[in-house]
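Let's take a friendly walk through this model together. Please have the sequence and the coordinates open as you read.

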Amino acid sequence: MTAFQATADELAQRFGLIVHGDGTVPVHGVATLSGAGQGQLTFLANSRYRNQLADSRASVVILRQEDAPAAPATALIAKDPYTTFARIAALFDAPPVREPGVHASAVIDASARIAPSAHVGPFVVVGANSIIGEGAVIGPGCVIGDDCEVGAATELIARVTLVTRVRIGQRVRVHPGVVLGADGFGLAMDAGRWINVPQLGGVRIGDDCEIGANTCIDRGALEDTVLEEDVRLDNLIQVGHNVHIGAHTAMAGCSAVAGSAKIGRYCLIGGAAGVLGHLEICDKVTITAMSLVTSSIREPGQYSSGTPLTDNRSWRKNAARFKQLDALARRVQANEKEQP
Amino acid sequence: MTAFQATADELAQRFGLIVHGDGTVPVHGVATLSGAGQGQLTFLANSRYRNQLADSRASVVILRQEDAPAAPATALIAKDPYTTFARIAALFDAPPVREPGVHASAVIDASARIAPSAHVGPFVVVGANSIIGEGAVIGPGCVIGDDCEVGAATELIARVTLVTRVRIGQRVRVHPGVVLGADGFGLAMDAGRWINVPQLGGVRIGDDCEIGANTCIDRGALEDTVLEEDVRLDNLIQVGHNVHIGAHTAMAGCSAVAGSAKIGRYCLIGGAAGVLGHLEICDKVTITAMSLVTSSIREPGQYSSGTPLTDNRSWRKNAARFKQLDALARRVQANEKEQP
Amino acid sequence: MTAFQATADELAQRFGLIVHGDGTVPVHGVATLSGAGQGQLTFLANSRYRNQLADSRASVVILRQEDAPAAPATALIAKDPYTTFARIAALFDAPPVREPGVHASAVIDASARIAPSAHVGPFVVVGANSIIGEGAVIGPGCVIGDDCEVGAATELIARVTLVTRVRIGQRVRVHPGVVLGADGFGLAMDAGRWINVPQLGGVRIGDDCEIGANTCIDRGALEDTVLEEDVRLDNLIQVGHNVHIGAHTAMAGCSAVAGSAKIGRYCLIGGAAGVLGHLEICDKVTITAMSLVTSSIREPGQYSSGTPLTDNRSWRKNAARFKQLDALARRVQANEKEQP
């Protein structure tokens, strides 16, 4: 992909690793254990797959000390091979260079401030009083409303919308189709019709966050919706108004958090999992995929709901019995009493 | 946020409320019970939180007659404090003014008709025979295809797509990323390959509806997909072709309705809930979050499916037993028969 | 919708059908069984609804031989009425004609290659080294990054984003808001902070696929994310990095497939269903709506998880018992042992 190339020795020196075998072998790319060929570097993160090493044609493998004897080629010894691989692989990534400056087609409000080192692409709109920081990249088709702020070195990749009062920290990456700061879903019923509750708050995104494609984060009703630093959201996630997500929490695709819920730090929210409104989840909680959190969680740990997948015929029988579960439990209790 | 300011007396007169305490106190903003400071107005909607009143530093509180004795400051007495708050808070909201006229960059088909009082923003495309009504706002980056109609005072906030044959009523708000009128998912298997069933219908959206960010409503196969008036959809919702949603129904984020389902009036569909195709749900039905409706519902009321969240270890044990539930019920029955 | 018109005889000849009744009757449109009027053609796909034929005012009905006696008007006899209807209805569909050429507002990198017969609409961006094939349609507001390829006769309807290294085959339709080739959600925890694992792969979409509105398909980490030919995805679907989906598989709206899962050919994935990462599903598997696949599936067939919907009061009782299910099963076992 790029012309980057280094020897095993050079990589070892750069990342503080130990070399087993021929350190002069050149590496010009990275690949999977099974897909790697000559000149490519791969990794073994899980010793369970150690027996796949023998078949790998990679020139260099990153692995743990204990797996080193099984290495078929040059080995780089690391405490955490996956993290080390991530760091080395980044050398072979060549994100497009975005030149500083504002594309001629962009429509920028006179009151907006764009840092000279920022890149603003074609068909971008920037509203009143908004600020784009140093080295920020506003990709093609982004719409930034009024009173927004994009921090230094933050990238809105393409077609991102910041509606209003959205403040994003530094080094954040926002993927295409994301909508930040849309009106929260605040409704009141009045004489048989809905009226909107004004959404006067904003959205605050901490440094080093990542927000996946087509994800939505609504702005708060009276205070802000907040993501602390280093929060990682996958694609198609819904974050309601006034939600607060703690630092280093990661949420997988299609998960959803209803309004005013508060999620702690270092939580892992599984794919398509849901959190009801106004709940609190403490730090270091894992919610497995497609589970629904219906009350606050005060203890770290892993939580789940749902039923296991089976063939549809068995499932129909068991699911029908679920409707009788309370009655069944009462019958069991009655049986127990009857017994002498 | 804005320069709007009024005294408690002025607000009381405007909204027909009774003042307790000093009516001359000025209000220049709104806030939460705990966050409000001097010059700010807040509300107490639920008497359960009455003991939080003492700590509030708000200058004015909207509350019910029975909570008035606990008011720490000027009180405005309302039958429904939340609705009254919504109406007053709207005075402090200052949505950006959109000047009438078509931005120079917009690409408008010669056969389209744009009302003189409508606003059409940068990078908008309007296709053949489409009509934009009086006072409508077509925000930046919207794409309106052929044969569409946007009613008076309706706002497409930004980056909304109307594919074709989409007719939207008056005073509707459509949030960024919404796609209306895409091809319904109509397929027929023919000799081992899928063929598309042409989607010749359109989409009709009634007056006063709201459609949340990145929500999709497909156009009908032969007839229209319909939202009656005052339907409120949150973000990331999927509405399949030929669905019909009754007036005043609200759906929370990530919910989904499959093709040809018919949902009544005044229904509440919880977050990430699903409705299978071709079903009918009568008026005034509430579906709780992440529930799946698999057969028609003929009686108003609240309906649910799913299992409760527990720690993963307990969940694993119970979930494993779910697979044996039918067998367990049979064993209980056998036990009962065996007993004399 | 269009001026297309044909007699029953002409349609029969064109599609190899047998006519019962007056073959000279003209058809100028298609409609549902109940909605069709004079001059319109409809179909009866399911003999169960045969008694609805009597009330239809359609001029022509496509149906099976065995239903022909109940036809109220001219009948066209087909083995598969629905598929035949789909083919005939297509004649009455008039998708907008897109003239070859690049709109003056489009921003095309000098190294990109656009086929002369392709249509590139307003506000489109095409990046470095990207290729647009013969007869392809790139609708308004699409953003195509670097190193992408759009095959002949493929249509990106509007506001589609291809981030980077996305290769799409021929005759593919991509609906508005779709994001292809965004960074996969690859994270590694390093000293209490997340670091990104570079996503160096791409996305490959086979011929004749369809990708619904606001759906996301991430690019692979080291190898490509792959959809084989004729895969059909509905709206708001999440496909994680390195997923592989076999030919002719269809997925309904809001479903999700986590990273590195492999789905076979001719599978049907229901709405809002989920597949966990790294699993394999063999050919011809059906997953019902909102089910979660948590282990690999090796046998064709229909699979489900979840519990049935009931009124909330019953559900609460039964759901509470779910938490005691393992204990209940143990009590039943104990009862059985106690019995002599």
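A few ground rules come before the tour. This is a predicted model, in which local features need pLDDT of at least 70 and side-chain atom pairs count only at pLDDT 80 or more, while totals for chains, interfaces and linings use all residues. Residues are numbered from 1 along each chain as its sequence is written, chains are lettered from A and ligands numbered from 1 in the order in which they are written, and side-chain values use heavy atoms, with hydrogens and water left out.

Start with chain A, which has four helices and 40 strands; helices (H or I, at least four residues) and strands (E, at least two) are DSSP runs, numbered from the N terminus. Its radius of gyration is 26 Å, whereas a compact globule of 340 residues would have one near 20 Å. That radius is taken over C-alpha atoms, and the globule rule is 2.2 Å times the number of residues to the power 0.38. Along the principal axes, the C-alpha atoms of chain A fill a box of roughly 75 × 75 × 35 Å.

Now look at His241(A), which UniProt lists for "active site" in an unreviewed entry. UniProt positions are given in the numbering used here, feature names are shortened, and annotations may be inferred rather than shown by experiment. His241(A) sits in the loop between β29 (238–239) and β30 (244–245) of chain A. Is His241(A) buried or exposed? His241(A) counts as buried because its relative accessible area is 15%, and buried means under 20%, exposed over 50%, and partly exposed in between (1.4 Å probe, protein chains only). Leaving out residues up to four places away in sequence, the residues that His241(A) touches include Gln199(A), Asp218(A) and Arg219(A); contact means heavy atoms within 4.5 Å.

Pro308(B) is found in the loop between β39 (301–304) and β40 (310–311) of chain B. With residues up to four places away in sequence not counted, Pro308(B) touches Ser304(A), Ser305(A), Ala319(C), Phe322(C) and Lys323(C).

Finally, turn to the helices α4 (residues 325–338) of chains B and C, which pack at an angle of about 35° with their axes 10 Å apart. Axes are lines fitted to C-alpha atoms, for helices over the stretch in contact, and angles run from 0 to 180 degrees between N-to-C directions. Among the residues that meet there are Leu325(B) and Leu328(B) from α4(B), and Leu325(C) and Val332(C) from α4(C).
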